[in-house]
Every structure is written in structure tokens, then in C-alpha cells.
Amino acid sequence: MAVVTSIEEHSPQQNGEGCWQLRLYVAGQTQKSLAAIANLHKICNEHLQERYRIEVIDLVKQPQLAAGDQILAVPTLVRNLPPPLRKIIGDLSNTERVLVGLDIRIAGQKE
Amino acid sequence: MSATEAAPRTAELEKCPTGIQGLDEITGGGLPRGRPTLVCGDAGSGKTVLAMQFLVQGIRQFHEPGVFIAFEESAHDLATNMASMGVDLNQLCAENKLAIDWIHVDASEIEEAGEYDLEGLFIRIHCALERVHAQRIALDSIEALFTSLKDQGMLRSELRRLFSWMKEQQLTAIITGERGEGRFTRHGLEEYVADCVISLDHQLSNQISTRHMQVIKYRGSAHGANQYPFLIGKTGLSVFPITSVGLDCPAPSEQISSGVPRLDAMLRGGGFYRGGTILVSGAAGSGKTSLAAHFVRAACERGERALYFAFEESRQQIIRNMLSIGVDLAPWIERNLLHFNASRPSLCGLETHLAGILAAVEEFAPRVIVIDPMTDFIAVGSLGEVKCMLTRLVDFIKMKQITAFFTSLTLADHSLEQSEAGISSLIDCWLLVRNLEQNGERTRALYLLKSRGMAHSSQVREFLLTDTGVDLVDVCVSAGEVLTGSARSCGWSGGGGTWKRRSKICADNSKW
């Protein structure tokens, strides 16, 4: 099984429906990687409130994990749950694109 | 197949042999070591096969592991496709000699939100290289990225970074790309991969398709710059360069029997030179196949293997027909000394035929072969192409010192000495069989038009097909007229009671 560098979980009591599972692939501590992590947290806090779970995978430390999710560009954000699978590439600085990509309704509305 | 012309000089670029038949000859030793080579061509021209074979031969022949980065076909599809060429990719991967990574970018799944780079691609390639300690790599076809990723500027700079990184790693790489309009590739990969460019194409002519390969560019090395035909067959890709080595083959002086004793007598008493080429031409029904059958029977009687390529009649038909003149070929087939290969020339292109003949010769290892008739090839290609193909065939068999017997059909209204396909220059010994119509009957006459390297009889002989085989009979000459058939046997010469003399069959004209 994969060992990830950091997992953040919010709403520990809810583990099933409605919980977003996001995986962010980065390569080392580059500017883009750090920006992506920061942006992702910001967006999730604002729009997903408590119902998300982020995994950050550093490909420099675990290169063999890139093939599994077909990672080509870095940083890449993969939305595993809810289905379908979505991928967003970039440092996530364009919030609107991230919301469209993740299919998140604007804050306030439930999924 | 054959050696290159000059010995490599130390100043020349180091080459990485591909192990692909013919390709190492045209490139003078292989691809540039440690540099990328661009292989461009349309869909279906054989780029993936070339790239994969480069890696597989590297593993099998030169013990260099390789990595195949596929952008279009999945690993499973590749394995299935290559299995038809006798390559087990799964086995090679299991042995850790080959690593295949399928990089798939589905544009519909991806949203671009901010800046990114292709470090993921680098990481995956590096991972695969480390896994098998690869020295060779193939990228097929990296242009797929251009259609899926929108940031072309970033893509181009990342590609530049990738290729210079590969050069640093001293990897010999094959990069494939689709042919573009007015350029080598659609997205201009030749900007980054400029050391060696090979182009593949697939042309259709006379309803038959032929594949051609051309080394358009090879920095720092001499190379064959022509288009060379190639085939993708059961053993993969093979290129057929015209080698000049064919003119440097030994010339044996041993003579072998033609199967007809009196014909041997006309050929300085011994028969054809071993390793020579013989042509029998004549109109329909003149007895060419019969002569061929005698020739192979004589070879089999000597314990030598004979391979008969029939392009007009089936094996069973030839056996039946030859039985009617007392030549029984069946026992030789049973003893595995004689083998028939029958097919229609229009079935496939000249290159495929040539490849088939060469492969059959390699497999069966005959000392003599028969091509009956070779004129049917003109239906498939132009005269020039047929001559080209026959030249390569003759080069090949001369190197192996195999004696070849060709038959050629001349059309009724053509002069018998018109050289078919300009091939007479390739022929060492040329026999002509002519149908004669005289005094209400048709008979056959044979004479030697040429026989290189030996004195031979230049007299016409009557050629008979009897129940016990072919026979050559002395003709009678009377009042300057050659008498054959019944006119000969009764000595009649039309005028009533004129002097006749027999011309004896002998090796030269000096004695009667």
C-alpha cells in the first residue's frame, strides 16, 4: 500500500457519502508545488467545508506512484470521489477553473 | 547479411547497431549512439514496429535493455501486435530487460488551472530506465501530447529539456512522429531531433503496396541515401539494400550436369558451372519446364537439395506432366531432396516475393533452385523493378554458390533473342528452345545462345520429348536446310536424292 507524506482529514465521523477524496501529486518542494498545496487548502476550506480528504503525494520520493493515476504533468490534482474521475493540472491558481474542474457548486449549496 | 564497405575510422561517430536486417547496412553500422533518431511516416507505415524491434534486438543480440514509452497503444495492445512477429513482450518485461510504460492523456478528463510542467513524464521515464538499467529508449509517439495539452509553449520547452536530458544520459533513442505537410513531422519534432532522420512510407502501385525506407539525414556519417524497399513479415522488419558485395563472390569451376547428357556434351563435356545462372527461354509449350525438371532430377541424384519455385503451375500438375515424359519427381520429394514452392506472382508485391524466396532458400538450404517462369513478375512490377529484384536475387544466390535455373516465356510475336527484363546480362548460360514448323509438322530445336566462360557448341539440335525424357538429337543438314522430325529420319530433302551429312554433337565446332 502507498505511504503518503501527509493526509488531512476533516469530519472524521463521516467516511462515506458526500466525502470528497482528493489526491495532489507534486514533485519536490518547488514553487508550483507549494502554491498548489496552499491553493488547494484555500479552495477546499471555502467551498467544501468539512467534507474533504486530501492526500499529497511527492513523486520525487515515490516515483512509482505516477503510473497508477497516469500522471504526466505536475502538479496534478485527482478527484477520486465522488466519481467520475477528474484531473486538474496546474498550480491551482485559477480558482474558477478548479471549481469547474472539480464540479464544485459555489459555497453554500450542498452537493 | 553482408558487411559494410569501409572499416570504421576512429574519427567517425559511434554507432548503435539496430540488429534489423538491412538497416545496419544502409546506416553504415546503425543509429548514432547516445543520440535521438527521428522515424517519421504516415499511419501504418511501420514506425512502432521499427521502434520496438530496435529495443527487442538490442536485448536479444546486444544485451542492452530498453524502455518503450507508448503514448498511443497500451502495453496489452503492443504485446498482442508484437506476438504475431514472434516477440513475447511480457516475457521480456518479466525478465526485467524491457520496461513498457503507457502514458495516456485523455483531453476530456483534464482541466488546466494554472501553471504546470511535465516533471511527471520525466519521473516516469526515469523510473522505467532505472528499473531495467536501459541503454535504449523508444518514444512512440510523443506528438500525442500536442493534441491533449493546450500549453504548447510549455510543451515545446519541456520537450527540449527532455531530449537534452536523454542526451546527457547517453541513451540511444528512437522518436516516432507522423509525417507532416512539407515537414518531416506534423508538430516539428525535427527541431529537437536533428541527428538522424529516417522516413518510412507505404506506396501503392499497380494495386500492390510496397513499403520504402529512406535515411533522409544522418549527421556525421555517410549513409545510403536512396529509398530501400522493406517488408514487415513474420520475423519483423527487414530492409533489402542492393549490396555491391554481390560482385565479389567466388567463381567455382566445377561443372554440374543439366540432366540431359547430350546437353552436357554441348557444354564442354560437363554441364553448367556451379553457382551460375541459367536461362531457358522459348514460346509456350517448347519444353522449358521439362528441362528444368531434368535439371532438378540430376541434382537430386547427386544427393543435392533442389528448390523449385513454380509461378504458373501447381506442384501436382508439374509432377504429373513430368511423369508423362518419364521423369518421376515424387520419390525425391519424399526423400526431402526436392521441394516445391508454388504461388501466383500477382499475389503480392515483388519485395514480398523476393523475401519469400530468400527465406525459403535460407530455410531449405538447396544447392540448386528453379524459377519457373520468371517472366510472370512483369505482371506485378515494371521491367526496371523486376530487373532490380532479380539482380538482388542473383547477388544473393551467387554469394551462396547456388546454381539458379530460370525459365522465360517469350511471346509468339517477339524475337526470341529479345532479352526479357534486360536480364540477359545477369545470365551466364542462355538456352533457346524454338518451335519449328516444317513440312506440316511442329518440332523443337534447341541451341545455346551463350555460355560464359566455356567453349560450347553453337549448333542447333533437335529437342525431343520422349517417354524416357528429353533427348537432343543430331540434326541433318541438307542443301543448307536443317531437317528435323520426320524429314530428318527419312533423310528427305524435298528435291529428291540430294546429299546429306550428319552434324555430330560435339563440344566445339572444330571437328565434325
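Predicted model: local features only at pLDDT ≥ 70, side-chain atom pairs only at ≥ 80, totals over all residues.
Chain A contains 2 helices and 5 strands. Along the sequence these elements come in the order β-β-α-β-β-β-α. Chain A has 111 residues, and 34% of them count as buried.

Where the chains meet, 29 residues of chain A are in contact with 21 residues of chain B. On the chain B side, strand 6 (110-112) and helix 5 (119-132) each supply at least two of the touching residues. Helix 5 of chain B gives the most, with 7 residues. By type, the residues on this side of chain B comprise 9 nonpolar, 4 polar and 8 charged. Strand pairing also joins the chains. Strand 5 of chain A, residues 86-89, pairs with strand 6 of chain B in the parallel sense, over 3 bridges. Within this pairing, A:Lys87 stands opposite B:Ile110 of strand 6 of chain B.

Chain B itself includes an open sheet of 9 strands with mixed pairing. The order of the strands across this sheet is 5-4-7-8-3-9-10-11-12. Strand 5 (98-102) and strand 12 (236-239) of chain B stand at the edges; each has a single partner strand, so one side of each is left without a neighbour in the sheet. From one strand to the next, the twist averages 20 degrees.

One pairing within chain B can be followed in detail. Strand 4 (residues 66-70) and strand 7 (residues 136-140) of chain B run in the parallel sense and pair over 5 bridges. Here B:Ala70 stands opposite B:Asp140, a residue of strand 7 of chain B. Helix 2 of chain B, residues 47-62, lies across several strands, among them strand 3 (36-41), strand 4, strand 5 and strand 7 of chain B. Its direction is at about 165 degrees to strand 7 of chain B. The strands that helix 2 of chain B lies across also include strand 8 (172-178), strand 9 (196-205), strand 11 (227-233) and strand 12 of chain B.

B:Leu92 has its place in helix 4 of chain B, which spans residues 89-94. Is B:Leu92 buried or exposed? The count of other C-beta atoms within 10 Å of B:Leu92 is 23, and 20 or more is the cut-off for a buried residue, so B:Leu92 is buried. Apart from neighbours within four places in sequence, B:Leu92 is in contact with B:Ile59, B:Lys97 and B:Leu98. B:Gly236 is 144 residues away from B:Leu92 in sequence, while their C-alpha atoms are 16 Å apart in space.

Further along chain B comes strand 16, residues 306-310. All 5 of the 5 residues in this strand are buried, so strand 16 of chain B is largely enclosed by the rest of the structure. Both of its faces are covered, with B:Ala306, B:Tyr308 and B:Ala310 on one side and B:Leu307 and B:Phe309 on the other. Which strands pair with strand 16 of chain B? One of them is strand 17 of chain B (residues 338-342), in the parallel sense over 5 bridges. In that pairing, B:Tyr308 has B:Phe340 as its bridge partner. Strand 18 of chain B (residues 368-372) also pairs with strand 16 of chain B in the parallel sense over 5 bridges. There, B:Ala306 stands opposite B:Val368.

Key
Residues numbered from 1 in each chain as written. Chains lettered and ligands numbered in written order. Contact = placed C-beta atoms within 7 Å. Helix = DSSP H or I, 4+ residues; strand = E, 2+ residues; numbered from the N terminus. Nonpolar A, V, L, I, M, F, W, Y, C, P; charged D, E, K, R; others polar. Pairing = 2+ DSSP bridges. Buried ≥ 20, exposed ≤ 12 C-beta atoms within 10 Å, placed from the backbone. Axes fitted to C-alpha atoms, helices over the stretch in contact; angles between N-to-C directions.
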